[in-house]
Amino acid sequence: MNIFTAALLLILGFVLLIKGADFFVDGASSVAKKLRVPSIIIGFTIVAMGTSLPECAVSVTASLANNNALAISNVVGSNIFNLMVVCGCASLFAPLAISKSTLKKEFPFSVLCALLLLLFGYTGASLSRMEGIIFLVIFACYILWMIYSALKSRQENEEEIESLPTWKCIVFIVGGAIAIKYGGDFVVNGASFIASKMGLSQNLIGLTIVALGTSLPELVTSVVAARKDEVDMALGNAIGSNIFNILLVLGVAGAISPVAFIMENMVDIILLMIMCIIVWIMAWTKQSINKKEGLFMILIYVVYLVYICMR
């Protein structure tokens with residue numbers, strides 16, 4: 001394989017990831033709407049899971065290939081992108097109103113997930129199989145919590161909502177999942193080859209090219225949701241994806257094979273937590289993120305991008 005072939009493979013992988021996630025989300029969202037689940041719950045669960053599948057495909061494939069630096073950096077880089085760019089861009093179209101419940105529960109829970117990842121990395125310099133299983137157990141509890149919330153909300157929301165036919169939902173979900181699986185394979189293979197040929201570290205590639213590419217579904221979904229005034233889904237998608245990325249993506253990757261940490265991973269996780277706290281404080285003051293705050297978040301990400309390219 002040469003550079004040109006690897007680049008084509010990378011582009012094809014991103015196309016499959018984005019379109020596959022797009023179809024998956026459409027199908028899964030319609031299923032959720034048939035169950036009369038409110039948009040914030042859809043964002044935290046169905047949409048978040050659908051848009052996190054690219055990260056899952058990339059990181060699990062990387063773990064199977066013992067490309068552990070790419071597995072960690074992809075998730076951390078994607079989480080930073082989701083928080084600062086996805087939420088920031090969405091707020092440019094409509095202020096992101098944030099409920100007190102989200103500020104008290106899901107937002108701090110996402111910070112705690114990042115803290116737990118940092119502790120696992122600090123104590124053992126790796127994410128072991130047992131720690132991966134712990135993440136998966138916490139993830140199962142999180143899903144049960146979301147299901148309980150959805151069932152409780154369903155009792156209060158009996159109105160009918162238009163959605164896709166059931167057969168089309170199944171086609172979209174299955175077809176989207178297949179496209180995401182192969183897209184993940186192509187991205188890892190193409191990015192790894194280009195990184196080695198250009199002398200770039202796998203960590204840098206994971207934090208930039210792969211993280212940006214696999215986060216595009218979150219960006220597109222949240223921006224479209226914000227433009228349609230579905231701000232609950234936009235925010236829920238970004239925060240929910242960050243929780244899924246750490247608990248599910250790294251949980252599965254760690255359970256498959258131990259995932260090694262490097263010092264740069266530790267620094268990036270600390271920066272992720274700092275950014276989470278900054279956004280949390282901004283959201284807490286007015287229970288929303290406005291256009292100016294969104295631009296500030298995007299600026300912080302640009303500074304971070306310059307930093308990781310220079311280090």
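In which handedness of crossing does α5 pass α10? In the predicted model described here, local features need pLDDT of at least 70 and side-chain atom pairs count only at pLDDT 80 or more, whereas totals for chains, interfaces and linings use all residues. Residues are numbered from 1 along each chain as its sequence is written, and side-chain values use heavy atoms, with hydrogens and water left out.

The crossing of α5 past α10 is left-handed, a term applied if the near helix is turned anticlockwise from the far one by less than a right angle, with right-handed used if the turn is clockwise. The axes of helix α5 (residues 106-124) and helix α10 (residues 263-286) come within 10 Å and cross at roughly 165°, which makes α5 roughly antiparallel to α10. Here the axes are lines fitted to C-alpha atoms, for helices over the stretch in contact, and angles run from 0 to 180 degrees between N-to-C directions; angles under 35 degrees count as roughly parallel, over 145 as roughly antiparallel, 65 to 115 as roughly perpendicular and the rest as oblique. On the α5 side, the contact (heavy atoms within 4.5 Å) is made by Phe107, Pro108, Val111, Ala114, Leu115, Leu117, Leu118, Gly121 and Tyr122, while α10 contributes Met266, Ile269, Ile270, Leu272, Met273, Cys276, Val279 and Trp280. The residues of this contact comprise 16 nonpolar, 1 polar and no charged, where Ala, Val, Leu, Ile, Met, Phe, Trp, Tyr, Cys and Pro count as nonpolar, Asp, Glu, Lys and Arg as charged, and the others, Gly among them, as polar.

Helix α10 also packs against helix α11 (residues 291-310), at an angle of about 170° and with the axes 11 Å apart; α10 and α11 are therefore roughly antiparallel to each other. In this pairing, Val267, Asp268, Leu271, Met275, Ile278, Val279 and Met282 of α10 meet Glu293, Phe296, Met297, Ile300, Tyr304, Tyr307 and Ile308 of α11. The residues of the contact of α10 with α11 divide into 12 nonpolar, no polar and 2 charged.

Over the whole protein, 11 helices and 4 strands are assigned, these being DSSP runs numbered from the N terminus (helices H or I, at least four residues; strands E, at least two). Of the 311 residues, 55% count as buried, that is, under 20% relative accessible area, with exposed meaning over 50% and partly exposed in between (1.4 Å probe, protein chains only). The accessible surface comes to about 13500 Å², of which 71% belongs to carbon and sulfur atoms, as computed by the Shrake-Rupley method with a 1.4 Å probe, only the protein chains shown counting as cover for residues. Among contacts in the protein with a separation of 6 or more, residues 24 or more positions apart account for 86%.

Individual residues illustrate these descriptions. Gly121 lies 139 residues from Ala260 in sequence, with 8.1 Å between the two C-alpha atoms, and, not counting residues up to four places away in sequence, Gly121 touches Ser126, Phe261 and Met266. For Tyr122 and Ile262, 140 residues apart along the chain, the C-alpha atoms are separated by 9.7 Å.

Helix α9 (residues 231-256) holds Ile246, which is buried, with a relative accessible area of 2%. Ile246 and Leu117 are 129 residues apart in sequence and 7.5 Å apart in space, C-alpha to C-alpha. Leaving aside neighbours within four places in sequence, Ile246 is in contact with Val75, Asn79, Cys113, Ala114, Leu117, Phe135 and Gly251.

Two loop positions complete the description. Pro258, in the loop between α9 and β3 (259-260), counts as partly exposed at 38% relative accessibility, and the C-alpha atoms of Pro258 and Ser128, 130 residues apart along the chain, are separated by 4.5 Å. Gln287, in the loop between α10 and β4 (288-289), is partly exposed, with a relative accessible area of 30%; the phi of Gln287 is near 55°, a positive value in a residue other than glycine.
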